[in-house]
Each structure stands twice: as structure tokens, then as C-alpha cells.
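This briefing is intended to be read beside the sequence and the coordinates. Please keep both in view while working through the points below.

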Amino acid sequence: MKSYQTPRGTQDLLPSATAAWNKVEDLIRQMCHVYGYSEIRTPVFEDTGVFKRENDSSDMVNKEMYTFSINNEDSLTLRPEGTAGVVRSFVEHKMYGAPDLPARLYYMGEMFRYERPQKGRYRQFNQFGIENIGAKSPYIDAECIALGYSIVKALGLSQIKVLINTLGDATSRRNYRETLLDYFKDSVSELCPDCKRRYEQNPLRLLDCKVDKEHPVMKNVPSLRDSLTEESKEYFDKVLKALDGMGIPYEVDDRLVRGLDYYTDTVFEVVSTHPESGSQSAVFAGGRYDGLVQYFGGPEMSGVGFAMGLERLMLLAEAEGIDLGGVPSDDVYVMALGNVEDAPLQVAVKLRAAGYRTSFNVAPRSLKAQFKSVDRSGAKVVVIVGESELAEGKVNVKHIATQMQTTVEISHLVETVDNLLNEEGE
Ligand code: HAM
């Protein structure tokens, strides 16, 4: 018989892991809440054109998309990222017409990229991301970084570094494009096939090449800074000043251009400096985009956002020794003594209705075996349902911390457990 495993580049998250994930997701939602961001959920697949824009030079769009078509219907693609779908939705639902812009949106969910899997890089992975759409201000760029930064800090990560750069406005980028085309014109034939494509499509992305990074021509590439317009410089200085004001340390990295094509002005990447993070060190990354809302048929409006890789966040938390806990303990365990039929279930349901995480003994087992289960469950209170007490409508309640045992009417059970657990909590 064939045995099945998770497909390459995917993973199962078992209960011992999902408890920690839930905690992190709760923290993220709480932080989004205080920053005024609301959740948006878009489909996991979209029309391919949502992601594949004409002349896009990124690896993600050109090599990594799970694209399919069924029954000759239009081509669909599993989302490789969240931004394009969210902007599509922003335009489709005319959110640009809202009286108070920008829209502050966040999302969490699975993304799919056909990449070579390794630690921290998967084919199905989870991103938490935010998109702030409909206003352009250096203070919003800074706010965006602050939100991501507060999350990693609240989680307890200490070994992280904010890298930031600006790609400038359209004029700056046009200037720089010309400079790069000229600079690389004699050496492009010596570069990798991807770089040849980048030279034609988006020369800025030559700076991002991992294959040719040791090529001599890459050592003296003219700096983007020299092509920036005064407005772009001023805009970027304001972003940096706002980060200073919030006490967020950063490093300006002249070579940071990011892997996606839609960026303009501010781009950033927050990386782990922990030795175990290896080559997949970016925890969250993003930047401003000016053309996307228009691409989807909306007005000329700017947006900014980032996405955080949740698998990477969890790996880094583990590497830094942050304890996020495991499967939660039970509050109550219901034991069965003698032939009590479905009574343990009935008792458990009453306790669950009162909000107590409760397990009950199912198959007939010795008291010793049941007490072992109590230990493993972490329950603080044990209810023993015995034949003779049950006949009188009663059960025994044992408080683990004090080892005190009492017999109570089933109708008073919840009250008794309330008292025991509240006393313990005090
Ligand atoms: P990205 O840099 O492609 O940006 O991805 C953001 C983050 O997702 C990365 O920093 C990393 O933590 C995580 N990530 C990416 N690929 C993988 C993978 N194969 N396995 C595990 N984690 C991964 C974006 O996706 C943009 N949409 C961000 C953005 C939002 N820009 C503006 N708004």
C-alpha cells in the first residue's frame, strides 16, 4: 500500500504547535486592533492576471506560481502573496470612495510559491500582512514599520534589524534606470539569464541577483541615492526621522530593492541576526506601491504594506528560546467508577457549558490508569462519578492542589468547581 506524506515544501501543524500559533495570531490581531487595522479575507486563488502583470520581472511571478485552468476556463493562480488580491478587492468594492482614507487592512493566511524548500522557505506558508491604501505620507510608511516592529518586540524577539531604503518617485526611478542601462550595457552578456531578462524588464532588480553578486561589475554599481529627486530625498528623510522619534533602530541599505516589481519610494526588510536564521532571515518585508490601485481600474492612489512569514516568526521565536507554551491543560477531569454509563459525559457537558476545559474517562479503566490520565491532562479538579453516589444524584469532587475531597449534589457541581478554581486563581 502506498504511504502518503505531506507534499514537498508543506508541513502539518500538530496540536503541540498550533497552541503556540494561536497565541501568536492572537497577539497579531490585538496589535492590529490597536493600530486601527481591520481584517480582510480574500480568495486563496485569483485570476492569474491579478498577480501576473505585463512585463513583470520578479521570480515570484515568472517561476513560482501555481497556475491552473480547469475545463478550459480562465487561468487561475494560487496566491503567492496577499497584496495584489487585497488591492483587487479594494478596487472591486470601491473602498477608494470611503470618506476616511487610508483603508487600514490586515490579512492572515496561506500563500503558495513553487520554491526550492529549505528551513524557513516552503511551498505553502502563512503570511500575516497589512495594506494601508489611499494616502501617501512618510508617516504612514513609518507607522507601518512600527506595527510590524511592535509585534516582533511584543513576542520577545531581540535579534532583529530593520533595513530600509528608498527607490524614489517615478522620476528618480526613470533616472536610475537610465544610469543602470548605461552602466551594465557592456557586461550584461556576461551575467546570468535572469539578469539578462532583468536588464530588459527592470534593471533595478539586477541589484537583487544572488547568482552574480560576486561579479566584478556588481561591486561598483552607481548608487540609487545619486538619482533621487529632492522630493524623494525629503520624503525618505521624513520616514527616517519618524522612526527615530519612535525609537526604532534601522540601517539604511542602499542596495535593498526587494524582490517584487510594484515597489516605489520606501522599501524595508526586517531581518533576524540570529545565527540559526541562515539565509532565510527576512521576518517581514514590504514597501510603498503607487501603481497597483490604478492597475486594477481604481483611481491614482498609493498604498504601503508589509507581510510577515509566520513560519519564520515561529522558527525565530524557538531559536531565541521564547516559550509559547504547548497544548493547554484541562481544568477538570471526570473519572468513572463502576457502571455509570453516560453520566461522565453528562457531567462533562455541564462543566463545558460553564466554560471549563473538561475531559472524561471513556472506556472502563482502573482508577490507577484514570489518575495517570488526570496527571497528563493537567486538570486541577477531578470529578469522580461513582455508582452509589450517582444513585443519590451526587458526585465526588477532588481538588488536586489541596487533595481535599467532598461529595456534592450534581446540581451544585459547577458552583463547587467555580469556588475551587477561583480560590486557586486568587
Ligand atoms: P515578500 O518579501 O515576498 O513580500 O514576502 C514577505 C515575507 O513572507 C518574507 O519576508 C518571509 O518572511 C515570508 N515568505 C516569503 N516567501 C516565503 C516562503 N517561500 N516560505 C516561508 N516564508 C516566506 C510580499 O509578499 C509582499 N506582498 C509584502 C508586501 C505587502 N508589500 C506591500 N505590502
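In which loop does Tyr356 lie? Tyr356 is in the loop between α12 and β13 (358-360); helices (H or I, at least four residues) and strands (E, at least two) are DSSP runs, numbered from the N terminus. The model is predicted, so local features need pLDDT of at least 70 and side-chain atom pairs count only at pLDDT 80 or more, while totals for chains, interfaces and linings use all residues. Residues are numbered from 1 along each chain as its sequence is written, and side-chain values use heavy atoms, with hydrogens and water left out.

**Tyr356 and its surroundings**

- Tyr356 has a relative accessible area of 13% and is therefore buried (buried means under 20% relative accessible area, exposed over 50%, partly exposed in between, with a 1.4 Å probe and protein chains only).
- Leaving aside neighbours within four places in sequence, Tyr356 is in contact with Asp331, Val332, Leu351, Val417, Asp418 and Leu421, where contact means heavy atoms within 4.5 Å.
- Tyr356 and Ser232 are separated by 124 residues in sequence and by 57 Å in space, C-alpha to C-alpha.

**Helix α15**

- Leu413, Thr416, Val417, Leu420 and Leu421 are the buried residues of α15.
- Seen down the axis of α15, these buried residues fall within an arc of 120°, so they line one face of the helix; the arc is that of the directions from the helix axis to the C-beta atoms.
- Glu423 and Gly425 are exposed on the other side of α15.
- The packing partners of the buried residues of α15 are β12 (332-337), α12 (343-353), β14 (381-386), β15 (394-399) and β16 (404-409).

- The 20 residues of α1 should span 28 Å at 1.5 Å a residue, and the end C-alpha atoms of α1 are 29 Å apart, which agrees.
- Buried residues in α1 are Ala19, Ala20, Trp21, Val24, Ile28, Met31 and Cys32.
- These buried residues of α1 pack against β5, β6 (124-133), α5 (138-155) and α11.
- Helix α1 (residues 15-34) packs with helix α11 (residues 310-319) at an angle of about 110°, their axes being 11 Å apart; axes are lines fitted to C-alpha atoms, for helices over the stretch in contact, and angles run from 0 to 180 degrees between N-to-C directions.
- α1 and α11 are therefore roughly perpendicular to each other (angles under 35 degrees count as roughly parallel, over 145 as roughly antiparallel, 65 to 115 as roughly perpendicular and the rest as oblique).
- α1 and α11 form a right-handed crossing; a crossing is left-handed if the near helix is turned anticlockwise from the far one by less than a right angle, and right-handed if clockwise.
- Ala20, Trp21, Val24, Glu25 and Ile28 of α1 make the contact with Leu310, Glu311, Leu313 and Met314 of α11.
- Just after α1, Gly36 has a positive phi of about 80°.

**The crossing of α6 and α7**

- Helix α6 (residues 170-184) and helix α7 (residues 193-201) have axes that come within 10 Å and cross at roughly 140°.
- α6 and α7 are therefore oblique to each other, and α6 passes α7 in a left-handed crossing.
- On the α6 side the contact involves Arg177, Leu180, Leu181 and Phe184, and on the α7 side Tyr199, Glu200 and Gln201.

**Backbone geometry**

- The Leu101 to Pro102 peptide bond is cis, with omega near 5°, and Pro102 is placed in the loop between α4 (83-92) and β5 (103-112).
- Asp265, in strand β9 (residues 263-272), has a positive phi of about 50° although it is not a glycine.
- Asp265 counts as buried at 2% relative accessibility.
- Not counting residues up to four places away in sequence, Asp265 touches several residues, including Lys136, Asn165, Arg173, Ser232, Arg288 and Asp290.
- Gln403, in the loop between β15 and β16, has a positive phi of about 65° although it is not a glycine.
- Gln403 is partly exposed, with a relative accessible area of 48%.

Key: Expected span 1.5 Å × (residues − 1).
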